[in-house]
Amino acid sequence: MSGYTLYWKPGTGSMVVEAALRLIGVGFDEVRVDETATAEFRTLNPAGMVPVLKLACGPVLAESAAIVMTLDDMFPEARLLPPHGTPAHATAVQWLIFMATNIYPAARRYYYPERHTADDSPHAAEAIKQQAAHDMGRDFAQLAAAVQGPFLLGQTITITDVYAAMLADWYGPAKDLPEIAGLVNAVLKNPAAAEAWRHHGFGA
């Protein structure tokens, strides 16, 4: 037993947490969560959503961005993010939170528009999907403008880049932006990130 347990589902935000664990080099156990979260799983995360990471030191964490930031705090030598107290760290965290609070929820509205309206008409769902696509187009353009190349902060990969690549795979038009396409390609040259990517069925 590794002491770390990742609750995951293919194609979800658990990919970035698996990539973080692999980048750190720490062993972990896996529990695949079915389409319908069990009552037992909901005791870990009442929202019933992956990823969830049970830490070796005891706490159970949900929310992908929060998990990878915690792992960075626990394993600073792994450099998931730039060193604390540096401008680069502040920038990486800013973009990580930007994506978690803007692009990630827009992707959920895009794929599951019916969950975001009390109006069950096809027109309402389509309107929500169109607005989500507009929002992601705007936000990816903003992110692309900040890419220093090939990664967000230049030549060194961070977990923020893996997060961006994951979201871009969810929304294909993002990769029409050369900066985003280049970032995704660069992320996939990293063996740890590429292994998590394949395991979760990304790029299919």
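**Close-up 1. Ala-194 in helix α8 of the predicted model.** Ala-194 counts as buried because its relative accessibility is 7%, under the 20% cut-off. Helix α8 covers residues 191-199. The C-alpha atom of Ala-194 is separated by 9.6 Å from that of Val-162, 32 residues apart along the chain.

**Close-up 2. The pair of Tyr-4 and Phe-75, one of nine aromatic pairs in the whole structure.** The ring centres of Tyr-4 and Phe-75 are 6.4 Å apart and the planes are at 50°, so this pair is tilted. Tyr-4 belongs to the segment before β1 (5-8), while Phe-75 lies in the loop between α3 and α4, 71 residues apart. Both residues, Tyr-4 and Phe-75, are buried.

**Close-up 3. The pair of Tyr-7 and Phe-41.** With ring centres 5.8 Å apart and planes at 45°, Tyr-7 and Phe-41 also form a tilted pair. The pair links distant parts of the chain: strand β1 holds Tyr-7, and helix α2 (residues 39-44) holds Phe-41. Tyr-7 and Phe-41 are buried.

**Close-up 4. The second largest pocket and its lining.** The volume of this pocket is about 210 Å³. Its lining comprises 13 residues, with Met-49, Glu-63, Ser-64, Tyr-104 and Tyr-163 nearest the centre. By class, nine lining residues are nonpolar, two polar and two charged. Helix α4 gives the largest share, four residues; α3 (64-74) and α4 (87-111) each supply at least two. Tyr-104 and Tyr-163 are also linked by ring pairs into a cluster with Trp-170, Trp-197 and Phe-202.

**Close-up 5. Charged ends over tyrosine rings.** The charged end of Arg-115 sits over the Tyr-112 ring, 3.9 Å from its centre. Over the ring of Tyr-110 sits the charged end of Lys-129, 4.9 Å from the ring centre.

How values were computed. Residues are numbered from 1 along each chain as its sequence is written. This is a predicted model: local features need pLDDT of at least 70, side-chain atom pairs count only at pLDDT 80 or more; totals for chains, interfaces and linings use all residues. Side-chain values use heavy atoms; hydrogens and water are left out. On a 1 Å grid over the protein atoms alone, a cavity is a set of points where a 1.4 Å probe fits but cannot get out, and a pocket is an open set with protein on both sides within 12 Å along at least five of seven lines; lining residues have an atom within 4 Å of a point. Grid points are joined across faces, edges and corners, and a volume is the space filled by probe spheres set on the points. Ala, Val, Leu, Ile, Met, Phe, Trp, Tyr, Cys and Pro count as nonpolar, Asp, Glu, Lys and Arg as charged, and the others, Gly among them, as polar. Buried means under 20% relative accessible area, exposed over 50%, partly exposed in between (1.4 Å probe, protein chains only). Rings of Phe, Tyr and Trp (its six-membered ring) pair if their centres lie within 6.5 Å; planes under 30 degrees apart count as stacked, over 60 as edge-to-face and the rest as tilted. A charge sits over a ring if NZ of Lys or CZ of Arg is within 6 Å of the ring centre and within 35 degrees of the ring normal.
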